[in-house]
Every structure is written in structure tokens, then in C-alpha cells.
Amino acid sequence: RVSEISSKGCFVDLLNTLPKDTPIRVHITTDHGSFECEGTIIYVQDRMGMGVAFARPSNEQQCVLDAWLADLEHA
């Protein structure tokens, strides 16, 4: 589960975290589409989750993310 999403990254809620600085592929799906890009674990909260920084989303993927964030602002 993803929370605290922004244009730069998000927090991923999960019990079994990965180590800080681990490169990952982020794939987030909602009822309004999906977002995918490379990312890096920037901090870990043991048995709670981890902070992920998005890295180099394509223009298309950045537009998807921007639309989600705009919807959240107006909710």
C-alpha cells in the first residue's frame, strides 16, 4: 500500500522492507490508471514501511502522477 505520495516519491507500507539505497521498479495502480518508474529506497522504518524516491519517470508517467496529485488536491 502506498501513502504520502508526492511528485518526488512515496511511502510504501509493508512489513518486510528492503535495505536503504536499494534500487527498485515502482508500479502503482489505481482505478484511474497506473504509474511506473525506477526508484530508490531512501529510508526504512522497520516493520512499517519505506520511503521511495522516484527516479526519471518518463514524461507520460509524470503526467499520470501529476493528474493523480491534482485530483488529491481537489478532494
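Q: Which residues of H1 are buried?
A: Gln 61, Leu 65, Trp 68 and Leu 69 are buried in H1. Buried means under 20% relative accessible area, exposed over 50%, and partly exposed in between (1.4 Å probe, protein chains only). Helices (H or I, at least four residues) and strands (E, at least two) are DSSP runs, numbered from the N terminus. This is a predicted model; local features need pLDDT of at least 70, side-chain atom pairs count only at pLDDT 80 or more, and totals for chains, interfaces and linings use all residues. Residues are numbered from 1 along each chain as its sequence is written, and side-chain values use heavy atoms, with hydrogens and water left out.

Q: Why do the buried residues of H1 line one face of the helix?
A: Seen down the axis of H1, they fall within an arc of 95 degrees, so they share one face. The arc is that of the directions from the helix axis to the C-beta atoms.

Q: Which exposed residues does the face of H1 turned away from its buried side carry?
A: That face carries Asn 59, Glu 60, Cys 63 and Glu 73.

Q: What makes the reach of H1 close to the one expected?
A: H1 has 15 residues and reaches 21 Å from its first C-alpha to its last. The expected span is 1.5 Å times one less than the number of residues. For H1 that expectation is 21 Å, so the reach is close to it.

Q: Which residues touch the most other members of the largest nonpolar core?
A: They are Cys 10, Val 26, Ile 28, Phe 35, Val 52, Phe 54 and Leu 65, in a core of 14 residues. Strands E2 (9-13), E3 (23-30), E4 (33-45) and E5 (49-55) and helix H1 (59-73) each give two or more residues to this core. The term covers buried Ala, Val, Leu, Ile, Met, Phe, Trp, Tyr and Cys residues joined through side-chain atoms within 4.5 Å.

Q: Is Cys 37 buried or exposed?
A: Buried: its relative accessibility is 2%. Cys 63 has a relative accessible area of 53%, so it is exposed.

Q: How many salt bridges does a search of the whole structure find?
A: Three. Each needs a side-chain nitrogen of Lys or Arg within 4 Å of a carboxyl oxygen of Asp or Glu.

Q: What makes Asp 13 and Arg 1 a salt bridge?
A: Their closest N and O atoms are 3.7 Å apart, so the pair meets the cut-off. Asp 13 lies in strand E2 and Arg 1 in the segment before strand E1 (2-3), so the bridge ties together parts 12 residues apart in sequence. Asp 13 is partly exposed at 28%, whereas Arg 1, at 75%, is exposed.

Q: What are Arg 25, Glu 36 and Glu 38 linked in?
A: They form a network of salt bridges. Glu 36 and Arg 25 meet at 3.0 Å, N to O. Those two residues sit in strands E4 and E3, 11 residues apart. Glu 38 and Arg 25 have their closest N and O atoms 2.5 Å apart. Glu 38 lies in E4 and Arg 25 in E3, so this pair ties together parts 13 residues apart. Relative accessibility is 28% for Glu 36, so it counts as partly exposed. Arg 25, at 48%, is partly exposed, and Glu 38, at 32%, is partly exposed.

Q: What makes E5 mostly covered?
A: Six of its seven residues are buried.

Q: Why do E2 and E5 count as a pair?
A: Strands pair if DSSP finds at least two bridges between them. E2 and E5 have five, in the antiparallel sense, so they qualify. Cys 10 stands opposite Val 52 in E5.

Q: How many bridges join E4 to E5?
A: Seven, and the two strands run antiparallel. Val 52 in E5 is the bridge partner of Ile 41. The E4 and E5 hairpin has three residues between the strands, and Arg 47 takes a positive phi near 60 degrees there.

Q: Over how many bridges do E3 and E4 pair?
A: Eight, in the antiparallel sense. Thr 30 stands opposite Gly 33 in E4. A hairpin joins E3 to E4 through two residues.
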